[in-house]
Amino acid sequence: MSTKVAIVTGSNKGIGFAIVRALCKQFQGDVYLTSRDVSRGQAAVESLASEGLKPLFHQLDINDLNSITTAAAFFKERYGGVDILINNAGIAFKVADPAPFGTQAEVTLKTNFFATRDMLTHFMPLIKAGGRVVNVSSFVGSRTLNQCSPELQQRFRSEDITEDELAGLMQRFVEKAKNGEHKQDGWADTAYGVSKTGLTTLSMILARRLSKERPNDGILLNACCPGWVRTDMAGSKAPKSPDEGAVTPVYLALLPAGATEPHGRFVSEKEVQPW
């Protein structure tokens, strides 16, 4: 039997770090902690090693296409593919950040949507039969969708939206935000929210594609909300610990062999949520 492997992006701290900790305890296989900064990533690995856990490390900056392709080649060569991929890396501007909204929109969507999409483009072909893909999204995405125009809501919720159409909508939001026209164009006034609306919708598109192109491979792909978690990103007032935030992503990553659902869903507190 070849060794199974799990990869968690952006996992040197916060929810990603807690996901790696949980997988080290619950997953029978190699668990890779990844981060863009090698020294921070290795320090995180050493921290978990002091708890008696044995994660491995690979450098991975999802904003760097070369880093993505290098990592993909490594996992294909070393493991013949990937069993679990958790796309956790993401950013959010602080409420008080003085950066113009257009800049916030461009930077936030670059990482949370476009870079995560690049990860999926290069790693989906590597996902093995029975594999699990989890995209860490947010309930803010569904709340944001409800604040968008009926026309936008219809497209995001439609069964026939394509990846290209979705990417075009995300780019349109960035361009309108830069010109201060996003509200007139039907968008909600939150770059983070729109980025997560996009990520959840992308998850549904890719799940439909899997069902069509690899119907017998038993791969499950979902988006989830970890909840409001105490991290550098979300702040100290959040009610959940990182370990509590890791529960739903890990649940989806470890759905038992032979399970057929959830697939192509948005999941929070281990429950499928309306979209």
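Ring pairs link Tyr32, Phe74, Phe75, Tyr79 and Phe123 into a cluster. The model is predicted, with local features requiring pLDDT of at least 70 and side-chain atom pairs counted only at pLDDT 80 or more, while totals for chains, interfaces and linings use all residues. Residues are numbered from 1 along each chain as its sequence is written, and side-chain values use heavy atoms, with hydrogens and water left out.

In total, the structure holds eleven aromatic pairs. Rings of Phe, Tyr and Trp (its six-membered ring) pair if their centres lie within 6.5 Å; planes under 30 degrees apart count as stacked, over 60 as edge-to-face and the rest as tilted. The ring centres of tyrosine 32 and phenylalanine 75 lie 4.8 Å apart and the ring planes stand at 90°, so this pair is edge-to-face. Because tyrosine 32 belongs to strand S2 (residues 30–35) and phenylalanine 75 to helix H3 (residues 65–79), the pair ties together parts that are 43 residues apart in sequence. Helices (H or I, at least four residues) and strands (E, at least two) are DSSP runs, numbered from the N terminus. Tyrosine 32 has a relative accessible area of 3% and is buried; phenylalanine 75, with 0%, is also buried. Buried denotes under 20% relative accessible area, exposed over 50%, and partly exposed the range in between (1.4 Å probe, protein chains only). Tyrosine 32 also pairs with tyrosine 79, with ring centres 5.9 Å apart and planes at 85°, so this pair is edge-to-face. With tyrosine 32 in strand S2 and tyrosine 79 in helix H3, the pair ties together parts that are 47 residues apart in sequence. Tyrosine 79 is buried, at a relative accessible area of 8%.

Helix H7 (residues 163–178) includes glutamate 163. H7 packs with helix H8 (residues 191–213) at an angle of about 175°, the axes being 10 Å apart. Axes are lines fitted to C-alpha atoms, for helices over the stretch in contact, and angles run from 0 to 180 degrees between N-to-C directions. The two helices, H7 and H8, are therefore roughly antiparallel (angles over 145 degrees; under 35 is roughly parallel, 65 to 115 roughly perpendicular and the rest oblique). From H7, the contact (heavy atoms within 4.5 Å) involves Glu163, Leu166, Met170 and Phe173, and from H8 it involves residues including Leu202, Ile205, Leu206 and Arg209. The residues of this contact of H7 with H8 comprise eight nonpolar, two polar and two charged. Here Ala, Val, Leu, Ile, Met, Phe, Trp, Tyr, Cys and Pro count as nonpolar, Asp, Glu, Lys and Arg as charged, and the others, Gly among them, as polar.

Glutamate 163 is buried, with a relative accessible area of 11%. Leaving aside residues up to four places away in sequence, glutamate 163 touches Arg117, Thr121, Leu202, Ile205, Leu206 and Arg209.

The count of salt bridges (a side-chain nitrogen of Lys or Arg within 4 Å of a carboxyl oxygen of Asp or Glu) comes to 15. Glutamate 163 forms a salt bridge with arginine 117 (2.7 Å, N to O). This pair links distant parts of the chain, with glutamate 163 in helix H7 and arginine 117 in helix H4 (residues 101–123), 46 residues apart. A further salt bridge joins arginine 214 and aspartate 217, whose closest N and O atoms are 2.6 Å apart. Arginine 214 is partly exposed at 24% relative accessibility, and aspartate 217 is partly exposed at 25%. Salt bridges that share partners connect Arg117, Glu163, Asp164 and Arg209 in one network.
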